[in-house]
Structures are given as structure tokens and as C-alpha cells.
Amino acid sequence: MSTETPTATPAGTPAGSIARFPTKIAVVVREDLATWQKLNVTAFLASGIAHADDAVMGKRYEDGSGNAYLALFREPVLCFAADPAGLARTRARALTRELPTALYTADMFTTGNDDDNRAVVRAVPADALDLVGVAVHGPRAQVDKVIKGLKLHG
């Protein structure tokens with residue numbers, strides 16, 4: 001008897017089993033940030049990944065009393081920690097593979113709105129970005145190559 005988790009789609013996953021999705025979401029944050037910064041960066045990066053493609057989001061939730069809740073990602077989000085070099089490598093690998101990528105730079109902590117966030121990123125050449133977070137979504141094997149060498153956060 002095999003102990004390997006079978007590949008399954010969310011609709012075809014038996015109750016109580018863990019689905020193995022063909023795609024993967026990875027969020028990588030700089031390891032030396034304050035806890036509030038790590039959480040803030042993770043939240044912003046996840047919001048970017050929510051727009052990676054139409055299939056990344058699941059369906060809306062409803063509790064037993066009929067209260068409606070927003071949809072969540074249909075698959076797990078794996079969070080990793082990296083130093084600045086690891087973040088730069090992750091970004092470069094993701095772009096080389098043309099995977100949907102979100103980023104957060106240190107300069108974005110100094111702004112108060114989306115327009116200013118885009119402006120501070122646009123003002124810096126790619127190789128000089130002071131990255132504090134990168135998120136990527138795509139085929140599992142490709143994302144695994146992008147995050148190779150990183151350790152799960154925590």
C-alpha cells in the first residue's frame with residue numbers, strides 16, 4: 001500500500017485527505033524584519049497572488065447560520081524566510097521563468113498608498129531593489145525551482 005498522497009483536484013479530493021495541487025503559492029519574506037513587517041508584507045504579497053489567475057481563488061464560504069464569507073486561496077500558501085541575496089535570487093528565478101510574481105520593497109514601508117508604492121518601485125532599477133518580500137505562483141515544479149534552497153519560515 002502506497003503512503004504517497006495522490007494528486008487530486010479540489011473537487012475530486014476525498015473528504016479528510018490533502019489535495020496535491022498542480023500549482024503552488026510561495027511567499028518569501030526577509031528574515032530580519034520585525035514581526036509586524038513580516039505579517040504586513042505577507043498580506044500584501046498574498047493580495048497580489050490572488051490576481052495571478054482566475055483559478056487561484058476558491059469559492060465563497062458560508063457558515064451553518066447562513067453568514068457569507070469571502071473566498072480564500074484554493075491551495076495552501078507556503079511561507080519562506082530569506083536574506084537579501086535569497087530574495088534577489090528568488091525574484092530573478094521567477095522572472096526568468098515568467099511566473100506571476102509580486103514584490104514588496106523596503107521603500108514601500110515609507111508610503112501610505114498604492115500610487116506611491118508603485119512610484120517607489122518604478123524609481124529603482126530591478127537589480128537595485130531593496131526587496132523585503134517576493135511571492136510567486138505557478139506550476140509546482142517551476143515554483144520549486146524558484147524557491148530552491150530556501151527554508152520554511154518559522
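Tutor: The expected span of a helix is 1.5 Å times one less than its number of residues. Helices (H or I, at least four residues) and strands (E, at least two) are DSSP runs, numbered from the N terminus. The model is predicted, so local features require pLDDT of at least 70 and side-chain atom pairs pLDDT 80 or more, whereas totals for chains, interfaces and linings use all residues. Residues are numbered from 1 along each chain as its sequence is written, and side-chain values use heavy atoms, without hydrogens or water.

Student: How do you know what span to expect of helix 1?

Tutor: Helix 1 (residues 35-49) has 15 residues, and at 1.5 Å a residue 21 Å is expected. From first C-alpha to last, helix 1 reaches 21 Å, close to that expectation.

Student: What makes the buried residues of helix 1 line one face?

Tutor: The buried residues (under 20% relative accessible area with a 1.4 Å probe, protein chains only; exposed is over 50%, partly exposed in between) are Gln37, Lys38, Val41, Leu45, Ala46 and Ile49. Viewed down the helix axis, they fall within an arc of 160° and therefore line one face; the arc is taken from the directions between the helix axis and the C-beta atoms. Trp36 and Leu39, on the other side of helix 1, are exposed. The buried residues pack against strand 1, strand 5 (101-105) and strand 6.

Student: Why is lysine 24 called buried?

Tutor: The relative accessible area of lysine 24 is 12%, which lies under the 20% limit, so the residue counts as buried. Lysine 24 belongs to strand 1 (residues 23-30).

Student: Why is asparagine 117 called buried?

Tutor: Asparagine 117, in helix 3 (residues 114-122), has a relative accessible area of 10%. Beyond neighbours within four places in sequence, asparagine 117 is in contact (heavy atoms within 4.5 Å) with Met108 and Thr111.
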